Amino acid sequence: MVILKDKRYAIAHKEAIIGVLLVIVNFLWWYGFAYGLGSGDPRKYQYILGLPAWFFYSCVVGTIIMTILVYLCITFIFKEVSFEEEEGNRK
Amino acid sequence: MNMAVIVPLLLFLILYFLIGVWANRYVKTSNNFLQEYFLGGRELGGFVLAMTLIATYGSASSFIGGPGVAYTTGLGWVLLSMAQLPTGYFVLMVLGKKFAIIARKNNYITIIDFLKDRYKSNIIVLISALSIIIFLFSSMIAQWVGGGRLIESLTGLSYQTSLLIFAVTVLVYVLIGGFRAVVLTDTAQGMVMLVGTIVLLIATIMAGGGLQSIMSKLTAENPNFVSPYGADRQLTSLYVSTFWILVGVGVIGLPQMAVRAMSYKDSKSMHRAIIIGTVVIGTIMFGMHLIGVLARGILPGIEIGDKVMPMLTLEVLSPVLAGFVLSAPMAAIMSTISSLLILVSSTVVKDIYLNFIKPNANEKQIKQTSFWVTMLIGAAVILFALNPPELLVWLNLFSFGGLESVFIWPIVLGLYWGKGNKYGAISSMIIGMSSYILFDRLYPNALGMHTVVLPILFSLITFILVSLASPSVGRRGTAG
């Protein structure tokens, strides 16, 4: 039962789904590097810039990558809509 | 005790107070008191929106409790805390536009306005209002206890005096300036938190002779400090992953976060806020928790976790810089409390008083009631905090998970699922709250996951099954 009242909702729904996708990517990157590289013997870890490799990729690079992805999504996919009553309100 | 520490704290207090006075002009001249006092006239720009979300979210546990746990646990706790990164983008992306459009169209002031209109049910209004009041009231007390103890340890003033100075300042600026004062002080406080984190992180790395040297010290003491599993290998990957629900995506169900999704000016502000918010929350959460781990390489043997951050700051920074950095946890505490105070007050005034007690109150009565309610709640919180209950970090997380289990599905599915109805919402709220309390008391961290996971799952299943099974009352085509 879907009533399409307003074009702006379609945009909002698409953007909400992007939010969910970003969290999934974020989680997979974070989990994959942390437990993929970090599950061995801590004494044998490789180090990058003074930090254990699992930590460097999962927490440092992961945060930077997510910031870039968020920036790209906002710049290229997210659309500006008006919140005022007059426009877009077609009942 | 240490004037160099006290002076910056006092200067910031004066600044926050002046912001309150400035915001009061808007409260006085606005022709829509409720929207101005409880929502800042829906005029937030991108930067302010990002900072108020972060400052509201970042609390005593981000600056004091969290680094303390990181100190005893190691890098595994930093990994866990990075589950908070989504709060920077997820809340606004998912609630964002739809909420803002609907809120403006129907003139919603509170989250409960939305729930009431969506589900057409007074029971939902009551359950929501009660859970906001009870959970956030206890949350405010926990924050003040943390704040009072911190000031006590920094200044040598008594707990009661430290608490009163800060609590009264916050109460005054919230009272006279409303939501606008809250978000503007949040912005100043968020900046203090951000800059403080960066300064302390750099100073800590330098004092420890670089990351490499600190990491080898930690490995020598216990190699598990640099593993993702914690010092005693107590952090399983499943347990740590479930924090993505508690402090990541679940944050969407916190009324103090969700209400901000209807307070901004235009979609451009929201877009900017998402980018700024992600960068700032990432920096603060990563920085503060890593600082907690690094502290171990510089000041080993601290017994009480909550003392790690203050002691480290005084050790690695000059007194003036230390004073500035130590205003960061106070800023985090004040910004959280001020947001909760105005939210609880709006709940009492808009959702209880105007709904059930006096629906046709005039502008003047609404104004007076709002001031009195805010004043009484603020005073009650201070009074309770003077005789403090224990448990800092976990009490705070309790009100967190409880509220999430209550609100997440009625809000999210209310926005995006047309078939959801009031029966589904009511039963899911009741199941969410009661199962959270039961699990917390009887079987915490069930099946190796954080306590919040099963209640959120149960309330989802309840919402869907009951909505599908019950007659289509309260159904509305807001999903499109």
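1. Starting with the lining of the second largest pocket: in this predicted model, its residues split into ten nonpolar, two polar and three charged. The pocket has a volume of about 310 Å³ and 15 residues line it, with R149(B), L150(B), S153(B), D306(B) and K307(B) lying nearest its centre.

2. Which elements give two or more residues to that lining? They are α4 (60-73), α9 (122-155) and α15 (308-316) of chain B. α9(B) gives the most, with six residues.

3. Now the largest pocket, at about 580 Å³. Its lining has 24 residues, and V20(A), V23(A), F90(B), V249(B) and W409(B) are the ones nearest the centre. By class you get 20 nonpolar, four polar and no charged residues.

4. Both chains have a hand in that largest pocket: α1 of chain A plus α6 (90-94), α12 (237-248), α18 (393-416) and α20 (453-469) of chain B each supply at least two lining residues. α1(A) gives the most, with seven residues.

5. On to the A/B contact, which takes 50 residues from chain A and 57 residues from chain B. About 4,800 Å² is buried between the two chains, and carbon and sulfur atoms give 73% of that.

6. For polar links, there are eight residue pairs in polar contact between chain A and chain B, both partners at pLDDT 80 or more. The salt bridge count is one: E15(A) meets K97(B) through their side chains, 2.6 Å from N to O.

7. On the side of chain A that touches chain B, α1 (7-38), β2 (51-52) and α2 (53-76) give two or more residues each. The largest share, 17 residues, is from α1(A). By class, that side has 32 nonpolar, ten polar and eight charged residues.

How values were computed
Residues are numbered from 1 along each chain as its sequence is written. Chains are lettered from A and ligands numbered from 1 in the order in which they are written. This is a predicted model: local features need pLDDT of at least 70, side-chain atom pairs count only at pLDDT 80 or more; totals for chains, interfaces and linings use all residues. Side-chain values use heavy atoms; hydrogens and water are left out. Contact means heavy atoms within 4.5 Å. Buried area is the accessible area (1.4 Å probe) that two parts lose on being put together, summed over both. A salt bridge is a side-chain nitrogen of Lys or Arg within 4 Å of a carboxyl oxygen of Asp or Glu. A polar contact is a pair of N or O atoms within 3.5 Å; within protein, one must be able to donate a hydrogen and the other to accept it, and residues adjacent in sequence count only if both atoms are side-chain atoms. Helices (H or I, at least four residues) and strands (E, at least two) are DSSP runs, numbered from the N terminus. Ala, Val, Leu, Ile, Met, Phe, Trp, Tyr, Cys and Pro count as nonpolar, Asp, Glu, Lys and Arg as charged, and the others, Gly among them, as polar. On a 1 Å grid over the protein atoms alone, a cavity is a set of points where a 1.4 Å probe fits but cannot get out, and a pocket is an open set with protein on both sides within 12 Å along at least five of seven lines; lining residues have an atom within 4 Å of a point. Grid points are joined across faces, edges and corners, and a volume is the space filled by probe spheres set on the points.
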